[in-house]
Amino acid sequence: MVKRDIKTPDPIPLEGIQEAVSVMETGRLYRYNVMPGEKSVVSKCEEEIAAYTGHKYCVGLNSCGSAIMLMMKCTGLEQGGEVLSNAFTFGAVPSAIEHAGGKAVYVESNYEHVMCVEDLEKKLVMYPNAKHVLVSHMRGKVGDMKAIADACKRHDAILLEDCAHSLGVLYDGEHSGHIGVASAISAQSYKMINSGEGGFLLTDDPDIAAKCAVYAGAYESLNSKHTTVPGPEYFKEYPTTIPNYSIRMSNLAAAVIRPQIKTLDERTEKYNKRYHDLVEKLEGSNMAKYMSIPKLTPEVTRMVHDSIQINLSKDLSEGQINAFLKECSAHGLPVELFGHKSNARNFVNWEFAPAEDPLPMTAEMLKRAVDCRMPLMWDDSDFEDLANVIIESLEAVVKK
(Lines give C-alpha, C1' and ligand atoms only; values in the text may rest on other atoms or scores of the structure.)
Protein backbone atom coordinates (compact mmCIF):
# COMPACT_ATOMS: atom_id res chain seq x y z
CA MET A 1 0.00 0.00 0.00
CA VAL A 2 1.29 3.47 -0.91
CA LYS A 3 0.52 6.01 1.78
CA ARG A 4 2.17 9.13 0.32
CA ASP A 5 0.74 11.74 -2.06
CA ILE A 6 1.98 11.13 -5.61
CA LYS A 7 1.43 14.84 -6.39
CA THR A 8 3.92 15.99 -3.75
CA PRO A 9 6.03 18.76 -5.38
CA ASP A 10 9.58 19.69 -4.42
CA PRO A 11 9.52 22.27 -1.60
CA ILE A 12 11.01 25.74 -1.92
CA PRO A 13 14.40 25.89 -0.16
CA LEU A 14 14.67 28.20 2.85
CA GLU A 15 16.96 30.49 0.87
CA GLY A 16 14.25 30.94 -1.75
CA ILE A 17 11.58 31.62 0.88
CA GLN A 18 13.82 34.24 2.50
CA GLU A 19 14.58 35.93 -0.82
CA ALA A 20 10.88 35.91 -1.74
CA VAL A 21 10.01 37.57 1.59
CA SER A 22 12.77 40.12 0.99
CA VAL A 23 11.35 40.92 -2.45
CA MET A 24 7.86 41.30 -1.01
CA GLU A 25 9.15 43.62 1.72
CA THR A 26 10.57 45.96 -0.94
CA GLY A 27 7.43 45.77 -3.05
CA ARG A 28 9.63 45.51 -6.16
CA LEU A 29 8.02 42.44 -7.73
CA TYR A 30 8.11 43.92 -11.25
CA ARG A 31 11.37 42.91 -12.95
CA TYR A 32 12.11 46.40 -14.30
CA ASN A 33 11.54 48.22 -11.00
CA VAL A 34 15.20 48.33 -9.99
CA MET A 35 17.52 51.17 -9.12
CA PRO A 36 20.06 52.35 -11.76
CA GLY A 37 23.04 49.99 -11.91
CA GLU A 38 21.22 47.20 -10.06
CA LYS A 39 20.25 43.80 -11.41
CA SER A 40 16.74 42.52 -10.90
CA VAL A 41 16.18 39.14 -9.28
CA VAL A 42 14.89 37.92 -12.66
CA SER A 43 18.11 39.03 -14.38
CA LYS A 44 20.19 37.15 -11.80
CA CYS A 45 18.01 34.08 -12.30
CA GLU A 46 18.34 34.30 -16.10
CA GLU A 47 22.13 34.46 -15.76
CA GLU A 48 22.15 31.35 -13.58
CA ILE A 49 19.83 29.39 -15.88
CA ALA A 50 21.91 30.34 -18.94
CA ALA A 51 25.11 29.33 -17.13
CA TYR A 52 23.60 25.97 -16.19
CA THR A 53 22.34 25.11 -19.67
CA GLY A 54 25.21 26.72 -21.58
CA HIS A 55 23.08 29.10 -23.62
CA LYS A 56 24.13 32.63 -24.47
CA TYR A 57 20.75 34.30 -24.10
CA CYS A 58 17.86 33.74 -21.71
CA VAL A 59 14.51 35.46 -21.18
CA GLY A 60 12.33 34.66 -18.15
CA LEU A 61 8.60 34.35 -18.82
CA ASN A 62 5.36 33.65 -17.00
CA SER A 63 5.16 30.07 -18.29
CA CYS A 64 6.84 27.50 -20.50
CA GLY A 65 3.77 27.65 -22.74
CA SER A 66 4.58 31.31 -23.37
CA ALA A 67 8.20 30.39 -24.12
CA ILE A 68 7.11 27.76 -26.65
CA MET A 69 4.71 30.20 -28.27
CA LEU A 70 7.40 32.88 -28.53
CA MET A 71 9.93 30.45 -30.02
CA MET A 72 7.62 30.21 -33.01
CA LYS A 73 6.72 33.91 -33.14
CA CYS A 74 10.40 34.90 -32.94
CA THR A 75 11.40 32.58 -35.80
CA GLY A 76 8.87 33.87 -38.27
CA LEU A 77 5.85 31.59 -37.97
CA GLU A 78 3.15 33.11 -40.14
CA GLN A 79 -0.58 33.05 -39.40
CA GLY A 80 -1.83 29.59 -40.31
CA GLY A 81 1.71 28.26 -40.78
CA GLU A 82 2.08 24.51 -40.32
CA VAL A 83 4.18 23.28 -37.40
CA LEU A 84 5.28 19.65 -37.21
CA SER A 85 5.29 18.35 -33.64
CA ASN A 86 5.11 15.14 -31.62
CA ALA A 87 1.77 13.36 -31.51
CA PHE A 88 2.73 12.36 -27.96
CA THR A 89 3.13 15.44 -25.81
CA PHE A 90 1.13 17.50 -23.34
CA GLY A 91 -1.84 19.51 -24.60
CA ALA A 92 0.01 22.74 -23.78
CA VAL A 93 2.22 22.19 -26.85
CA PRO A 94 -0.50 22.22 -29.53
CA SER A 95 -2.09 25.00 -27.47
CA ALA A 96 1.10 27.06 -27.84
CA ILE A 97 1.08 26.38 -31.58
CA GLU A 98 -2.50 27.65 -31.75
CA HIS A 99 -1.54 30.64 -29.55
CA ALA A 100 1.25 31.52 -31.99
CA GLY A 101 -1.22 31.44 -34.88
CA GLY A 102 0.06 28.17 -36.30
CA LYS A 103 -1.54 24.90 -37.33
CA ALA A 104 -0.30 21.74 -35.64
CA VAL A 105 0.60 18.76 -37.82
CA TYR A 106 1.46 15.67 -35.81
CA VAL A 107 4.41 13.31 -36.21
CA GLU A 108 4.21 9.76 -34.87
CA SER A 109 5.86 8.92 -31.54
CA ASN A 110 7.37 5.46 -31.09
CA TYR A 111 7.52 2.95 -28.24
CA GLU A 112 10.47 4.78 -26.71
CA HIS A 113 8.09 7.78 -26.38
CA VAL A 114 10.10 10.01 -28.75
CA MET A 115 9.49 11.42 -32.22
CA CYS A 116 9.67 8.86 -35.03
CA VAL A 117 12.31 10.10 -37.48
CA GLU A 118 10.89 8.06 -40.36
CA ASP A 119 7.47 9.66 -39.94
CA LEU A 120 9.07 13.11 -39.64
CA GLU A 121 10.74 12.56 -43.01
CA LYS A 122 7.38 11.49 -44.44
CA LYS A 123 5.54 14.52 -43.00
CA LEU A 124 8.19 16.97 -44.23
CA VAL A 125 7.50 15.70 -47.74
CA MET A 126 3.72 15.66 -47.26
CA TYR A 127 3.74 19.19 -45.85
CA PRO A 128 6.36 21.12 -47.85
CA ASN A 129 5.06 24.44 -46.49
CA ALA A 130 5.80 23.42 -42.90
CA LYS A 131 8.85 25.47 -41.95
CA HIS A 132 8.85 24.77 -38.22
CA VAL A 133 9.53 21.50 -36.41
CA LEU A 134 8.82 21.63 -32.68
CA VAL A 135 10.24 18.60 -30.87
CA SER A 136 8.83 17.93 -27.42
CA HIS A 137 11.11 15.96 -25.07
CA MET A 138 8.17 14.37 -23.30
CA ARG A 139 9.00 13.15 -19.78
CA GLY A 140 12.60 14.17 -20.50
CA LYS A 141 13.08 11.59 -23.24
CA VAL A 142 15.22 13.06 -26.03
CA GLY A 143 14.96 11.44 -29.46
CA ASP A 144 17.52 11.12 -32.25
CA MET A 145 18.16 14.85 -32.46
CA LYS A 146 21.01 14.51 -34.94
CA ALA A 147 18.76 12.72 -37.42
CA ILE A 148 15.93 15.17 -36.74
CA ALA A 149 18.24 18.14 -37.28
CA ASP A 150 19.53 16.61 -40.50
CA ALA A 151 15.97 16.15 -41.78
CA CYS A 152 15.11 19.75 -40.89
CA LYS A 153 18.20 21.03 -42.67
CA ARG A 154 17.42 19.09 -45.85
CA HIS A 155 13.85 20.36 -45.88
CA ASP A 156 14.71 23.93 -44.85
CA ALA A 157 12.71 23.74 -41.62
CA ILE A 158 13.48 25.57 -38.37
CA LEU A 159 14.05 23.21 -35.43
CA LEU A 160 12.77 24.20 -31.97
CA GLU A 161 12.98 22.21 -28.72
CA ASP A 162 10.41 21.95 -25.95
CA CYS A 163 12.61 21.13 -22.96
CA ALA A 164 9.92 21.55 -20.31
CA HIS A 165 10.71 18.05 -19.00
CA SER A 166 14.40 17.86 -19.90
CA LEU A 167 16.12 20.38 -17.66
CA GLY A 168 19.31 18.62 -16.59
CA VAL A 169 19.24 16.05 -19.41
CA LEU A 170 22.47 15.82 -21.39
CA TYR A 171 22.53 14.90 -25.07
CA ASP A 172 25.95 13.95 -26.40
CA GLY A 173 27.49 15.59 -23.33
CA GLU A 174 25.70 18.92 -23.81
CA HIS A 175 22.58 20.18 -22.10
CA SER A 176 19.38 19.48 -24.02
CA GLY A 177 18.13 22.37 -26.11
CA HIS A 178 21.24 23.09 -28.18
CA ILE A 179 20.36 21.26 -31.39
CA GLY A 180 17.45 23.55 -32.27
CA VAL A 181 17.81 27.30 -32.73
CA ALA A 182 15.89 27.89 -29.49
CA SER A 183 14.48 25.92 -26.57
CA ALA A 184 12.01 26.39 -23.73
CA ILE A 185 12.18 25.14 -20.13
CA SER A 186 9.56 25.12 -17.40
CA ALA A 187 9.31 26.15 -13.76
CA GLN A 188 5.84 24.70 -13.20
CA SER A 189 5.43 22.87 -9.90
CA TYR A 190 5.91 19.34 -11.27
CA LYS A 191 9.20 20.19 -13.04
CA MET A 192 12.79 20.27 -11.79
CA ILE A 193 12.46 23.92 -10.77
CA ASN A 194 9.26 25.00 -9.04
CA SER A 195 7.79 28.49 -8.98
CA GLY A 196 4.20 27.35 -9.48
CA GLU A 197 4.29 28.71 -13.02
CA GLY A 198 7.20 30.07 -15.02
CA GLY A 199 9.44 29.40 -17.99
CA PHE A 200 12.50 30.50 -19.93
CA LEU A 201 13.32 30.89 -23.60
CA LEU A 202 16.95 29.93 -24.30
CA THR A 203 18.92 30.58 -27.48
CA ASP A 204 22.30 31.50 -28.93
CA ASP A 205 20.62 33.58 -31.65
CA PRO A 206 20.68 37.34 -30.87
CA ASP A 207 17.72 38.18 -33.09
CA ILE A 208 15.48 35.57 -31.43
CA ALA A 209 16.53 36.81 -27.98
CA ALA A 210 15.88 40.46 -28.83
CA LYS A 211 12.44 39.73 -30.27
CA CYS A 212 11.54 37.54 -27.30
CA ALA A 213 12.42 40.23 -24.76
CA VAL A 214 10.22 42.76 -26.57
CA TYR A 215 7.30 40.35 -26.99
CA ALA A 216 7.60 39.54 -23.27
CA GLY A 217 7.33 43.19 -22.30
CA ALA A 218 10.64 45.06 -22.73
CA TYR A 219 9.00 48.16 -24.18
CA GLU A 220 10.78 51.47 -24.95
CA SER A 221 14.40 50.95 -23.78
CA LEU A 222 13.76 48.40 -21.02
CA ASN A 223 15.98 45.90 -22.82
CA SER A 224 18.86 47.79 -21.18
CA LYS A 225 17.74 46.30 -17.84
CA HIS A 226 18.36 42.76 -19.14
CA THR A 227 21.76 41.09 -18.78
CA THR A 228 21.21 37.96 -20.91
CA VAL A 229 20.03 39.57 -24.16
CA PRO A 230 22.15 41.03 -26.98
CA GLY A 231 23.21 44.66 -27.28
CA PRO A 232 20.90 47.54 -28.28
CA GLU A 233 21.88 47.29 -31.95
CA TYR A 234 19.94 44.00 -32.20
CA PHE A 235 16.70 45.54 -30.98
CA LYS A 236 16.37 47.74 -34.09
CA GLU A 237 12.79 49.00 -34.42
CA TYR A 238 11.35 46.05 -32.45
CA PRO A 239 9.97 48.06 -29.47
CA THR A 240 7.56 49.85 -31.84
CA THR A 241 6.86 47.08 -34.38
CA ILE A 242 6.47 44.07 -32.05
CA PRO A 243 3.49 43.89 -29.65
CA ASN A 244 4.06 43.76 -25.91
CA TYR A 245 2.31 40.62 -24.57
CA SER A 246 3.21 41.38 -20.93
CA ILE A 247 4.25 37.81 -20.16
CA ARG A 248 7.38 38.60 -18.16
CA MET A 249 8.60 36.58 -15.19
CA SER A 250 8.19 38.36 -11.84
CA ASN A 251 10.94 38.87 -9.28
CA LEU A 252 8.90 36.76 -6.86
CA ALA A 253 8.97 33.71 -9.15
CA ALA A 254 12.69 34.20 -9.83
CA ALA A 255 13.43 34.44 -6.11
CA VAL A 256 12.07 30.96 -5.39
CA ILE A 257 13.75 29.47 -8.48
CA ARG A 258 17.32 30.66 -7.88
CA PRO A 259 18.35 28.34 -5.00
CA GLN A 260 16.82 25.35 -6.81
CA ILE A 261 19.27 25.78 -9.70
CA LYS A 262 22.14 25.11 -7.29
CA THR A 263 20.76 21.68 -6.36
CA LEU A 264 19.75 20.43 -9.81
CA ASP A 265 22.66 18.01 -10.17
CA GLU A 266 22.35 16.72 -6.61
CA ARG A 267 18.63 16.09 -7.02
CA THR A 268 19.16 14.48 -10.42
CA GLU A 269 21.58 12.00 -8.86
CA LYS A 270 19.02 11.10 -6.20
CA TYR A 271 16.21 10.73 -8.74
CA ASN A 272 18.32 8.54 -11.00
CA LYS A 273 19.47 6.18 -8.24
CA ARG A 274 15.90 5.62 -7.10
CA TYR A 275 14.76 5.12 -10.69
CA HIS A 276 17.42 2.50 -11.43
CA ASP A 277 16.61 0.68 -8.19
CA LEU A 278 12.92 0.71 -9.10
CA VAL A 279 13.53 -0.53 -12.65
CA GLU A 280 15.78 -3.29 -11.35
CA LYS A 281 13.04 -4.49 -9.01
CA LEU A 282 10.34 -4.36 -11.71
CA GLU A 283 12.48 -6.10 -14.33
CA GLY A 284 13.53 -8.74 -11.81
CA SER A 285 10.00 -9.59 -10.81
CA ASN A 286 7.78 -12.44 -11.97
CA MET A 287 5.66 -9.86 -13.84
CA ALA A 288 8.55 -8.53 -15.95
CA LYS A 289 7.23 -10.17 -19.14
CA TYR A 290 4.10 -8.04 -18.94
CA MET A 291 5.93 -4.71 -19.01
CA SER A 292 8.85 -2.97 -20.65
CA ILE A 293 10.68 0.26 -19.85
CA PRO A 294 11.29 2.67 -22.77
CA LYS A 295 14.95 2.73 -23.78
CA LEU A 296 16.95 5.94 -23.93
CA THR A 297 18.42 7.25 -27.17
CA PRO A 298 22.14 6.23 -27.14
CA GLU A 299 23.30 9.87 -27.36
CA VAL A 300 21.57 10.72 -24.06
CA THR A 301 24.54 10.82 -21.70
CA ARG A 302 22.53 11.80 -18.62
CA MET A 303 18.82 11.42 -18.00
CA VAL A 304 16.72 12.98 -15.25
CA HIS A 305 14.37 10.26 -14.02
CA ASP A 306 11.81 12.16 -11.95
CA SER A 307 9.07 9.82 -13.17
CA ILE A 308 8.73 6.35 -14.63
CA GLN A 309 6.92 5.23 -17.76
CA ILE A 310 6.03 1.62 -18.50
CA ASN A 311 4.77 0.04 -21.71
CA LEU A 312 2.35 -2.72 -20.78
CA SER A 313 2.50 -5.94 -22.78
CA LYS A 314 0.31 -6.55 -25.82
CA ASP A 315 -0.67 -9.78 -24.08
CA LEU A 316 -2.84 -7.67 -21.77
CA SER A 317 -6.33 -6.79 -22.97
CA GLU A 318 -7.89 -3.36 -22.63
CA GLY A 319 -9.99 -4.74 -19.80
CA GLN A 320 -6.93 -6.05 -17.99
CA ILE A 321 -5.14 -2.71 -18.37
CA ASN A 322 -8.12 -0.89 -16.86
CA ALA A 323 -8.26 -3.47 -14.07
CA PHE A 324 -4.53 -2.91 -13.40
CA LEU A 325 -5.12 0.85 -13.07
CA LYS A 326 -7.97 0.24 -10.64
CA GLU A 327 -5.85 -2.19 -8.58
CA CYS A 328 -3.04 0.38 -8.33
CA SER A 329 -5.46 3.14 -7.33
CA ALA A 330 -7.09 0.92 -4.70
CA HIS A 331 -3.63 0.50 -3.16
CA GLY A 332 -2.89 4.24 -3.03
CA LEU A 333 -1.02 4.58 -6.34
CA PRO A 334 -2.87 6.58 -9.02
CA VAL A 335 -0.98 5.36 -12.12
CA GLU A 336 -2.06 7.23 -15.25
CA LEU A 337 -2.68 5.76 -18.69
CA PHE A 338 -1.49 8.18 -21.39
CA GLY A 339 -4.20 6.90 -23.73
CA HIS A 340 -7.08 7.42 -21.32
CA LYS A 341 -10.05 9.24 -22.82
CA SER A 342 -9.57 12.19 -20.43
CA ASN A 343 -5.75 12.40 -20.43
CA ALA A 344 -4.45 15.74 -21.78
CA ARG A 345 -1.48 13.85 -23.27
CA ASN A 346 -3.77 11.87 -25.59
CA PHE A 347 -4.00 13.61 -28.96
CA VAL A 348 -7.63 12.58 -29.42
CA ASN A 349 -8.51 15.09 -26.69
CA TRP A 350 -7.07 18.07 -28.57
CA GLU A 351 -10.28 19.07 -30.32
CA PHE A 352 -8.96 22.63 -30.60
CA ALA A 353 -6.13 21.33 -32.83
CA PRO A 354 -7.26 17.94 -34.16
CA ALA A 355 -5.05 15.46 -36.00
CA GLU A 356 -5.99 15.23 -39.67
CA ASP A 357 -3.76 12.25 -40.48
CA PRO A 358 -4.00 8.78 -38.93
CA LEU A 359 -1.49 8.19 -36.11
CA PRO A 360 -1.67 4.42 -35.56
CA MET A 361 1.77 4.01 -33.97
CA THR A 362 1.15 6.71 -31.38
CA ALA A 363 -2.39 5.52 -30.69
CA GLU A 364 -1.20 1.95 -30.10
CA MET A 365 1.59 3.11 -27.80
CA LEU A 366 -0.62 5.44 -25.77
CA LYS A 367 -3.23 2.79 -24.95
CA ARG A 368 -0.57 0.69 -23.19
CA ALA A 369 1.78 3.34 -21.78
CA VAL A 370 1.42 4.18 -18.09
CA ASP A 371 3.02 6.99 -16.14
CA CYS A 372 3.94 7.50 -12.49
CA ARG A 373 5.67 10.38 -10.75
CA MET A 374 8.59 9.75 -8.38
CA PRO A 375 8.37 12.56 -5.79
CA LEU A 376 11.73 13.61 -4.42
CA MET A 377 10.34 14.09 -0.92
CA TRP A 378 9.33 10.44 -0.61
CA ASP A 379 11.53 8.08 1.38
CA ASP A 380 13.34 5.14 -0.23
CA SER A 381 10.89 2.80 1.49
CA ASP A 382 8.01 4.52 -0.31
CA PHE A 383 9.49 3.43 -3.63
CA GLU A 384 9.65 -0.12 -2.34
CA ASP A 385 5.91 0.20 -1.75
CA LEU A 386 5.43 1.70 -5.22
CA ALA A 387 7.22 -1.22 -6.88
CA ASN A 388 5.27 -3.75 -4.85
CA VAL A 389 1.94 -2.17 -5.79
CA ILE A 390 2.78 -2.25 -9.52
CA ILE A 391 3.94 -5.86 -9.38
CA GLU A 392 1.11 -7.11 -7.19
CA SER A 393 -1.53 -5.23 -9.21
CA LEU A 394 -0.29 -6.83 -12.41
CA GLU A 395 -0.22 -10.21 -10.69
CA ALA A 396 -3.81 -9.81 -9.53
CA VAL A 397 -4.98 -8.95 -13.03
CA VAL A 398 -3.05 -11.69 -14.82
CA LYS A 399 -4.22 -14.42 -12.41
CA LYS A 400 -7.95 -13.63 -12.83
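Me: The largest cavity has a volume of about 70 Å³. What makes a space a cavity and not a pocket?

Reply: On a 1 Å grid over the protein atoms alone, a cavity is a set of points where a 1.4 Å probe fits but cannot get out, while a pocket is an open set with protein on both sides within 12 Å along at least five of seven lines. The volume is the space filled by probe spheres set on the points, which are joined across faces, edges and corners. Keep in mind that this is a predicted model, where local features need pLDDT of at least 70 and side-chain atom pairs count only at pLDDT 80 or more, though totals for chains, interfaces and linings use all residues. Residues are numbered from 1 along each chain as its sequence is written, and side-chain values use heavy atoms, with hydrogens and water left out.

Me: How many cavities of 30 Å³ or more are there?

Reply: The count comes to 1 cavity of 30 Å³ or more. Lining the largest cavity are Lys103, Ala104, Val105, Tyr106, Tyr127, Ala355, Glu356, Asp357 and Leu359, and a lining residue has to have an atom within 4 Å of a point.

Me: What classes make up the lining of the largest cavity?

Reply: You get 6 nonpolar, no polar and 3 charged residues. Here Ala, Val, Leu, Ile, Met, Phe, Trp, Tyr, Cys and Pro count as nonpolar, Asp, Glu, Lys and Arg as charged, and the others, Gly among them, as polar.

Me: And the largest pocket: what volume does it have, and which residues lie nearest its centre?

Reply: The largest pocket has a volume of about 720 Å³. Of its 39 lining residues, Arg139, His165, Gln188, Tyr190 and Lys191 lie nearest the centre. Two or more residues each come from α3 (64-73), α4 (92-99) and β14 (369-373). Helices are DSSP runs of H or I with at least four residues, strands are runs of E with at least two, and both are numbered from the N terminus. By class, the largest pocket's lining divides into 16 nonpolar, 12 polar and 11 charged.

Me: Which element gives the most to the lining of the second largest pocket?

Reply: That's helix α11 (residues 318-330), with 5 residues. The second largest pocket holds about 280 Å³ of space, and its lining has 3 nonpolar, 3 polar and 5 charged residues.

Me: Back to Arg139. Why is arginine 139 called buried?

Reply: Buried means under 20% relative accessible area, exposed over 50%, and partly exposed in between (1.4 Å probe, protein chains only). Arginine 139 has 15%, so it's buried. It sits in the loop between β4 (132-136) and α6 (145-154), and its phi is near 55°, a positive value in a residue other than glycine.

Me: What about lysine 236: buried or exposed?

Reply: Lysine 236 comes in at 52%, so it counts as exposed. Its phi is positive too, about 40°, although it is not a glycine. Look for lysine 236 in the loop between α7 (206-216) and α8 (238-241).

Me: How do you know that valine 83 is buried?

Reply: Valine 83 has 0% relative accessibility, so it counts as buried. It belongs to strand β2 (residues 82-86).

Me: What makes arginine 4 and aspartate 379 a salt bridge?

Reply: A salt bridge is a side-chain nitrogen of Lys or Arg within 4 Å of a carboxyl oxygen of Asp or Glu. This pair is at 3.6 Å, N to O, so it qualifies. Arginine 4 lies before α1 and aspartate 379 in the loop between β14 and α13 (380-398), so the bridge ties together parts that are 375 residues apart in sequence. Arg4, Asp379 and Asp382 are linked in a network of salt bridges.

Me: How many salt bridges does the whole structure have?

Reply: The search finds 24. Among them is glutamate 48 with arginine 258, at 2.7 Å, N to O. Glutamate 48 is in helix α2 (residues 41-53) and arginine 258 in helix α9 (residues 251-262), so parts 210 residues apart in sequence are tied together. Glutamate 48 is partly exposed at 25%, while arginine 258 is buried at 17%.

Me: Lysine 399 and glutamate 395 meet in a salt bridge at 3.8 Å, N to O. Why is lysine 399 called exposed?

Reply: Lysine 399 has a relative accessible area of 66%, so it's exposed.
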